[in-house]
Amino acid sequence: MKQCTYCGKEYSDEASVCAIDGQPLRDVVPAPPASPPPTVGEKQQIIDGEHIKLLSIFHFVVAGLAFLGIVFLFLHYFIMSSAFSNPDIWKSQNNNAPPFPKDFLKTFIWFYFFMGAIFGTACILNLLSGLFLRQRRHRTFSIVVGGLNCLQIPFGTILGIFTIIVLSRNSVRERYGAKV
């Protein structure tokens with residue numbers, strides 16, 4: 001079967017030119033048989049795969065934000081240490097006021113270490129969880145990291161809740177069970 005390239009009229013295989021407008025004919029290719037629509041289980045697997053992929057990406061984003069928190073702590077420490085160790089800043093105070101103690105900054109060092117440990121742990125755990133989600137391994141680890149992320153308001157809380165919800169689905173459990 002052939003069809004006119006201009007008007008679309010169909011002709012037998014022996015014809016080469018359209019009788020109406022003189023345009024060349026092309027072979028009509030039958031449409032491929034339609035594939036059956038995906039089943040409910042196949043749709044759920046596609047949805048689960050997309051959700052796990054998004055969770056992986058967002059775990060990487062939260063790890064990056066934790067790393068930025070570490071960078072901020074370093075910057076804050078260097079600004080504070082340069083401000084407190086500069087004697088010219090304290091000369092403008094009243095003569096009867098005691099000078100600002102340099103030991104005050106030493107107490108803040110413990111704060112910097114504590115917050116740095118929290119940010120570093122969050123960065124490493126979210127990075128590992130993102131990698132494990134991408135590989136569909138260590139589901140329990142990712143759930144625990146999601147629970148710990150709930151303590152980081154607001155982004156970590158949202159990510160933690162969605163991580164727990166998605167990884168608690170039976171279809172996702174089965175998917176992780178198949179990849180041993």
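**Figure 1. The largest nonpolar core of the predicted model comprises 9 residues.** Its members are Ile52, Leu55, Val62, Leu133, Leu159, Val166, Leu167, Val172 and Tyr176. A nonpolar core is a set of buried Ala, Val, Leu, Ile, Met, Phe, Trp, Tyr and Cys residues joined through side-chain atoms within 4.5 Å. Buried denotes under 20% relative accessible area, exposed over 50%, and partly exposed the range in between, with a 1.4 Å probe and protein chains only. Two or more residues of this core come from each of α1, α5 and α6. Valine 172 is in contact (heavy atoms within 4.5 Å) with Asp48, Ile52, Val166 and Leu167, neighbours within four places in sequence being left aside. In soluble globular proteins, nonpolar side chains tend to be buried together.

As the model is predicted, local features need pLDDT of at least 70 and side-chain atom pairs count only at pLDDT 80 or more, whereas totals for chains, interfaces and linings use all residues. Residues are numbered from 1 along each chain as its sequence is written, and side-chain values use heavy atoms, with hydrogens and water left out.

**Figure 2. A salt bridge joins arginine 169 and aspartate 48.** The criterion is a side-chain nitrogen of Lys or Arg within 4 Å of a carboxyl oxygen of Asp or Glu, and by this rule the count comes to 1 salt bridge. The closest N and O atoms of arginine 169 and aspartate 48 are 2.6 Å apart. This pair links distant parts of the chain, 121 residues apart: arginine 169 lies in the loop between α5 (155–167) and α6 (170–178), and aspartate 48 in helix α1 (residues 40–85). Arginine 169 is partly exposed, at a relative accessible area of 23%, while aspartate 48 is buried, at 1%.

**Figure 3. The largest pocket holds about 230 Å³ of space.** Its lining consists of His51, Leu54, Leu55, Phe58, Val61, Val62, Leu65, Phe155, Ile158, Leu159, Phe162 and Val166. Two or more lining residues come from each of α1 and α5, and α1 gives the most, with 7 residues. On a 1 Å grid over the protein atoms alone, a pocket is an open set of points where a 1.4 Å probe fits, with protein on both sides within 12 Å along at least five of seven lines; lining residues have an atom within 4 Å of a point. Grid points are joined across faces, edges and corners, and the volume is the space filled by probe spheres set on the points.

**Figure 4. Serine 142 is a buried residue of helix α4 (residues 139–149).** Its relative accessible area is 0%. The side chain of serine 142 makes a polar contact with that of serine 129, at 3.2 Å. Such a contact is a pair of N or O atoms within 3.5 Å; within protein, one must be able to donate a hydrogen and the other to accept it, and residues adjacent in sequence count only if both atoms are side-chain atoms. Beyond residues up to four places away in sequence, serine 142 touches Ser129, Phe132, Leu133, Thr163 and Leu167.

**Figure 5. Isoleucine 143 is placed in helix α4.** Isoleucine 143 is partly exposed, with a relative accessible area of 24%. Not counting residues up to four places away in sequence, isoleucine 143 touches Ile164 and Leu167. The C-alpha atoms of isoleucine 143 and isoleucine 165 are separated by 9.1 Å, the two residues being 22 apart along the chain.

Conventions. Helices (H or I, at least four residues) and strands (E, at least two) are DSSP runs, numbered from the N terminus.
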